[in-house]
Amino acid sequence: MNQLATKYKDEISRIMAKYPPEYRRSAVMPLLYLAQREMGYLTDEAMQEIAEITEMGVTEVASIVGFYTLFHDQPGGKYRMQVCTDLPCALRGADRFLEELCQNLGIQPGETTPDGLLQIEEVKCLAACHRAPMYQVQSPEGLTFYEHQTVESALEVIAGLRASEQGKGGQA
Amino acid sequence: MVTIYIDGKPYQVDAGQNLLHICLSMGINLPYFCWHPAMGSVGACRQCAVKQFRDENDTRGRLVMACMTPAVEGLRISVQDPQAVEFRASIIEWLMENHPHDCPVCDEGGECHLQDMTVMTGHTYRHYRWKKRTFRNQNLGPFINHEMNRCIQCYRCVRFYRGFAGGRDFDAFSNHNTVYFGRKTDGVLESEFSGNLVEVCPTGVFTDKTFRKHYTRKWDLQTAPSVCVNCSLGCNTTPGERYGQLRRIRNRYNFNVNGYFLCDRGRYGYEFVNSDRRIRQARLRRNREAAFESVAPDEGLQRIKEIVKKSGRTIGIGSPRASLESNFALRTLVGPEHFFSGATVKDHELVTEAIKILRDIPSSMASLHEVETSDAALVLGEDVNNVAPMAAYALRQSVRCKPQAISQKLKISDWDDTAAREAVQDQKGPLYLATIADTRLDDMATRTFHASPQEIARLGFAVAHQISPTAPQPENLDSAALELSKMIAQDLKDAESPVVVSGCSLEEKSILYAAANVVQALRSIGKPARLFLTLPESNSLGLELLEPGSLNQAFAIAREDNVEAAIILENDLYRRSNPALLEAFFKSIPSVIVLDSLDNPTAQKADVLLPAATFAESDGTLVNNESRAQRYFQVFVPQDDIKESWVWLRAIGDALGQEEPGARKTFDGLIADMVKELPFLAPVQEISPASGFRIAGAKIPRQPHRYSGRTSMHANVSVHEPQPPQDPDSPLSFSMEGFLAEPPIEQPPASLIPEFWAPGWNSIQSLNKFQEEVSGPLIGGDPGKRIILPPDPEQAAYFDEIPEPFASRAGELLLAPLYAIYGSEELSIHTPGEAQLTPPLRLEINPRDAQQFNLTGETVLQVSVDSQVFELPLHISASIPEGTAGMICGLPEMPYVALPAWGKVTPKPVNSSTENPG
């Protein structure tokens, strides 16, 4: 308990200062972002703490976490590759793209590669229907969009991620 | 009113009302899911699409959602347009994509709105042949079963639970194909209105878990109109029976009372009817030392005859949970001067006072519906969530009335739920709560005020004085209370239809007076203010209308006047009086005759015990908190020797050869006698047709025409089909034969509809076929009539019995009654699930008092009050006012103690051997 409040005291007060004191709940999104940055996903304890800070119910906080593709309540890969398979993307082959990509990686959608590097997720609309198949990669550094993708190009992207990760490992 | 054209036919309709509401009100079938009559439109499911045309020359038209389109003059729509029909069929096909094919084994089957709508749209073949998404279900506690795979994402559950019932532990999770409705983790749903999810859900995601334990197919249930017995509000219910067992309770719409919803205590508190503590046989004991023996009913009656014959005097003790008719039958048997109220002495006084107050202002009594539509409310003393839960639901809706001005200014219709809520945001109308401690309604309150009962009364008096200076003013009011009283007075004065909610639960007469003064003061300045008083039990008002003596008078007579016998009607006196007084009372009476349904300490004192029927096995009238007399009908014939109390009392009268009018042999005759003797009870005779009523020469069947097993139900006993039981007391029959209602063309009066059902409408949504318009009164008028009626007498004087300021006492605390929705009520605790949710015994004390008395967290306290000593665990609660302590009353393990009362509180001595409790 109170891990966030202790560790990020200043940052939390900076976030809270942006909103009127009677609408503490407005701060829920930046606080969730902060907590996820810490662990890579949102723990029950973090959600509970954010509920207390924002004077919301923990149920409401969990509901918000569940709604957004970019918040996670389970640990996963360091990089999350989120493929849109909604109808327009599917019409442009996104579903087959996802299937073949997963076959190549030897995992199912939703699963993480054995090295813990990459998790493939199926998500709803990412607003790039006409450039499908497409996906976004969520990493600790941020979010990158990849459009007009093929299995080959996606595997190249993954290889790139893996290489940069190894590079980092080498430096460390 | 405007004229609109539906499929070329003109209709006169309310301008601005949405088209779905209009179509259903006009009897036009249009499928829907996300819309609910009590919750308005959100336009989410797209199921109610109709074609709208620009003018009579427009042949192409465009699809619009009926629930989101307001009626304007000259509007032309088509429900039958082939494109609209096709659109609706494909919508339901998509909704059904993930819906399992488990109808034959689904708990919802047979009354499923989704089934009905699927049939209505003609979608009979599913193209989808792939894998369906599946979920893990949650354990939501003892009342509700969760089966998420059946969900069609209409969002009604979360809208009801959060937006209307105010629950916070339930929400929508995830997105896209995996939207999930439930709690964050498994656990009991916290809201006391959670049971409504079962009816709000259009399919089988939420189903009744108590029903599931003794499930029967919906169309095999025998039903009758009934009234809830678990509090004073008199919500209408539809209980269902099969094989002599009460299987479930469903809501029964009454425009003036409960509308579309019930509380969980009412919905699930029925299982005492099936309890193994039921008294099923007459029982007697030869003398006080002898053991009880079960006897034939005639032997019991014979014994009563011997007892009562030799006796000079028999007294009768009535009951606030027995019907008006049974109480009256007892009153007649023993004579009015020997008839005593079975309520506690305090409740007797309070309810008598409440009746006087209501008789002063009959035109200002609020119905539950009127509380819901009030735009400002003051609650004096009542913890409504625990005492009269549906009143809390009504108050929760009332705070939305005033801010409607904001959305209306933006031209948003009241039925446009999402838009109206967006416009209003968090703004709430005035709701002031003056209670002992925290309540579950506090989140809605403008301000709360926690104080002792007398300070609550003083605040009320101050509010009245602020509204009208002629109302008496409490002296030495502290400045905070004075400021608050000014604020409340201003808000009530600014409102168009303010309501004051008060009642008897704090057992403080002056609170009733204060509430009456506030209403009087508002009326004196021309405000149509209303008063809503909650009362202790389901027939508290009915009992006291018969003008019984008090329980103390009964004890006094027993002591002094050598009373030979006492007849105690459906009453556990150990819940009503100090045990020592009762022991003395029972000792002083040679013969005690008890009629009751459940074995209890009073039944243990009986020399003759007769098995009485419960509400589900009897006909009777209950008078609710606003004096509304409501009839409930026998749902099924009880097994064994159980009989209705009034039937037993009639039999006793017969055995005694009492000279009585022959008419009293029947239920109708009993009511006629009652009205003759107490003419103000005349409305009781009018609330439902007499037993001779027939439609087309036929009785109204309690069993639906789909009822199965008529000839085989009892084949294991005898292969001969038994003759159905006769019902001489009502126009209903225990059969599936008789008049078949065909709403809205021809149907019984609303008071006699066993269950709402219409062709094609098997779910509770069939109600729209029985209403004058959606959410309006039932066709032909809602059942029930008020007994206390206008015109108002001359304006009554203000009450001036203002209590002294609360002063704490050294070494003592004022013990005030607290209530628990599950636990404080006598009957509902026999439902296993409700017993599970009953709070533990404890004494709640303010932290500062705890410090002063040197009490810490884990202590067990010794509480001496009213010459009794209890041992109660300490519970420190910051919301209990200093100088007082809260004690949950009515819990089964607690002996009765009259509260509020001063009590000495000390930590339990370490080596104390006192047995708990008292």
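Visitor: How many residue pairs are in polar contact across the interface of chain A and chain B?
Guide: The rule finds seven, with both residues at pLDDT 80 or more. A polar contact is a pair of N or O atoms within 3.5 Å; within protein, one must be able to donate a hydrogen and the other to accept it, and residues adjacent in sequence count only if both atoms are side-chain atoms. Some background: this is a predicted model, where local features need pLDDT of at least 70, side-chain atom pairs count only at pLDDT 80 or more, and totals for chains, interfaces and linings use all residues. Residues are numbered from 1 along each chain as its sequence is written, chains are lettered from A and ligands numbered from 1 in the order in which they are written, and side-chain values use heavy atoms, leaving out hydrogens and water.
Visitor: Which elements of chain A give two or more residues to the side that touches chain B?
Guide: Those are α4 (44-54) and α5 (58-67) of chain A. The largest share, seven residues, comes from α5(A). Helices (H or I, at least four residues) and strands (E, at least two) are DSSP runs, numbered from the N terminus.
Visitor: How many salt bridges cross the interface of chain A and chain B?
Guide: The rule finds three. In one of them, the side chains of A:Glu60 and B:Arg162 meet at 3.1 Å, N to O. A salt bridge is a side-chain nitrogen of Lys or Arg within 4 Å of a carboxyl oxygen of Asp or Glu.
Visitor: And what area is buried between chain A and chain B?
Guide: About 1,100 Å², and carbon and sulfur atoms give 50% of that. A:Thr59, A:Glu60 and A:Ser63 supply 41% of what chain A buries against chain B, more than any other three residues. Buried area is the accessible area (1.4 Å probe) that two parts lose on being put together, summed over both.
Visitor: New topic. In what order do the strands of the open three-strand sheet in chain B come?
Guide: The order is β26-β27-β30, with antiparallel pairing. β26 (620-623) and β30 (785-786) of chain B stand at the edges with a single partner strand each, so one side of each has no neighbour in the sheet. Two strands pair if DSSP finds at least two bridges between them.
Visitor: Which residue stands opposite B:Arg628?
Guide: B:Arg786 in β30(B).
Visitor: What do β1(B) and β2(B) form?
Guide: They form a hairpin with two residues between them. B:Asp7, in the turn, has a positive phi of about 50 degrees.
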